[in-house]
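Please read it alongside the sequence and the coordinates.

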Amino acid sequence: MRLRADMERADEERQLELATARAADALAAAERSASLPDSDLAHFVFDLGRLYANGADRQKARPLLERSLSLLEQSLGPSHPRTAIALCQLGVVLTIDGDYVRADAVLQRALAIQEKALAPDDPDLGRTLRDLGSLLERRGDLTRAEEMDL
């Protein structure tokens with residue numbers, strides 16, 4: 001889809017406002033397509049949520065990321081690696097929002113999925129460990145971070 005390609009290009013060029021606008025347009029077009037599988041729709045929802053999380057409209061990110069997660073859980077299953085990626089992004093937003101208890105549960109769930117499904121040197125697994133370390137640092141839980149060797 002051209003709108004999604006435009007969004008990716010703008011995102012790569014760090015044009016966040018343009019990327020967000022293109023992602024919103026792409027999601028609207030995807031939602032009008034009755035034939036799009038939920039797993040594909042989740043990708044469009046995730047893109048917009050991720051962009052909102054990185055920009056000025058961060059409060060809009062959480063409901064989109066939760067919707068993306070729900071679509072992925074229903075379509076691909078609760079233990080799919082794409083589900084784990086959605087969990088990670090949601091965990092980052094929850095951490096930034098100060099919802100540390102929920103962020104911890106979400107990131108731990110993502111980590112468990114990825115440890116079963118991915119190779120130990122997979123970059124997604126590394127990002128999840130980094131995000132969990134950031135959460136522990138924000139919480140001041142340095143002992144737990146050291147125990148996890150983060």
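**Notes on the predicted model**

1. Asp57 has a relative accessible area of 32% and is therefore partly exposed. The structure is a predicted model, and every value in this note is to be read with that in mind. The side chain of Asp57 pairs with that of Lys60 in a salt bridge, with an N to O distance of 3.8 Å. Lys60 is likewise partly exposed, because its relative accessible area is 38%.

2. How many salt bridges are there in total? The count comes to 13. Side chains of opposite charge can pair when their charged atoms come close. The pairs taken up in the next points involve Asp97.

3. A salt bridge joins the side chains of Asp97 and Arg58, at 2.3 Å from N to O. This pair links distant parts of the chain, with Asp97 in the loop between α5 and α6 (100-117) and Arg58 in the loop between α3 and α4 (61-75), 39 residues apart. Asp97 has a relative accessible area of 35%, so it is classed as partly exposed. Arg58, at 26% relative accessibility, also counts as partly exposed. A reader checking this region may wish to look at the 2.3 Å distance directly in the coordinates.

4. Asp97 has a salt bridge with Arg62 as well, where the closest N and O atoms are 3.5 Å apart. Because Asp97 sits in the loop between α5 and α6 while Arg62 belongs to helix α4, the pair ties together parts that are 35 residues apart in sequence. Arg62 is partly exposed, since its relative accessibility is 23%.

5. Which residues make up the network of salt bridges around Asp97? Arg58, Arg62, Glu66, Asp97, Asp99 and Arg102 are linked in it. The two pairs described above, Asp97 with Arg58 and Asp97 with Arg62, are among its links.

6. The largest pocket has a volume of about 290 Å³. Its lining consists of 16 residues, and those that lie nearest the centre are Cys88, Gln89, Arg127, Arg130 and Asp131. Three helices, α3 (38-53), α5 (81-96) and α7 (123-139), each supply at least two lining residues. Of the elements that contribute, α5 gives the most, with six residues. Sorted by class, the lining has seven nonpolar, four polar and five charged residues.

7. Apart from neighbours within four places in sequence, Thr95 is in contact with Tyr100, Ala103, Leu107, Leu135 and Arg138.

8. Ser39 is part of helix α3. With a relative accessibility of 14%, Ser39 is also classed as buried. Not counting residues up to four places away in sequence, Ser39 touches Leu72, Ser75, Leu76 and Arg82.

9. Arg82 comes up again in relation to Ile113: the C-alpha atoms of these two residues are 9.7 Å apart in space, with a separation of 31 residues in sequence. Ile113 belongs to helix α6. Its relative accessible area is 8%, so Ile113 is buried. Which residues does Ile113 contact, leaving aside its neighbours within four places in sequence? They are Pro78, Ser79, His80, Pro81, Ala84 and Leu87.

10. One backbone angle should be noted. Phi of Arg14 is near 60°, which is a positive value in a residue other than glycine. Arg14 lies in the loop between α1 (2-12) and α2 (16-32). At a relative accessible area of 75%, Arg14 is exposed, as the limit for that class is over 50%.

Methods
Residues are numbered from 1 along each chain as its sequence is written. This is a predicted model: local features need pLDDT of at least 70, side-chain atom pairs count only at pLDDT 80 or more; totals for chains, interfaces and linings use all residues. Side-chain values use heavy atoms; hydrogens and water are left out. On a 1 Å grid over the protein atoms alone, a cavity is a set of points where a 1.4 Å probe fits but cannot get out, and a pocket is an open set with protein on both sides within 12 Å along at least five of seven lines; lining residues have an atom within 4 Å of a point. Grid points are joined across faces, edges and corners, and a volume is the space filled by probe spheres set on the points. Helices (H or I, at least four residues) and strands (E, at least two) are DSSP runs, numbered from the N terminus. Ala, Val, Leu, Ile, Met, Phe, Trp, Tyr, Cys and Pro count as nonpolar, Asp, Glu, Lys and Arg as charged, and the others, Gly among them, as polar. Contact means heavy atoms within 4.5 Å. Buried means under 20% relative accessible area, exposed over 50%, partly exposed in between (1.4 Å probe, protein chains only). A salt bridge is a side-chain nitrogen of Lys or Arg within 4 Å of a carboxyl oxygen of Asp or Glu.
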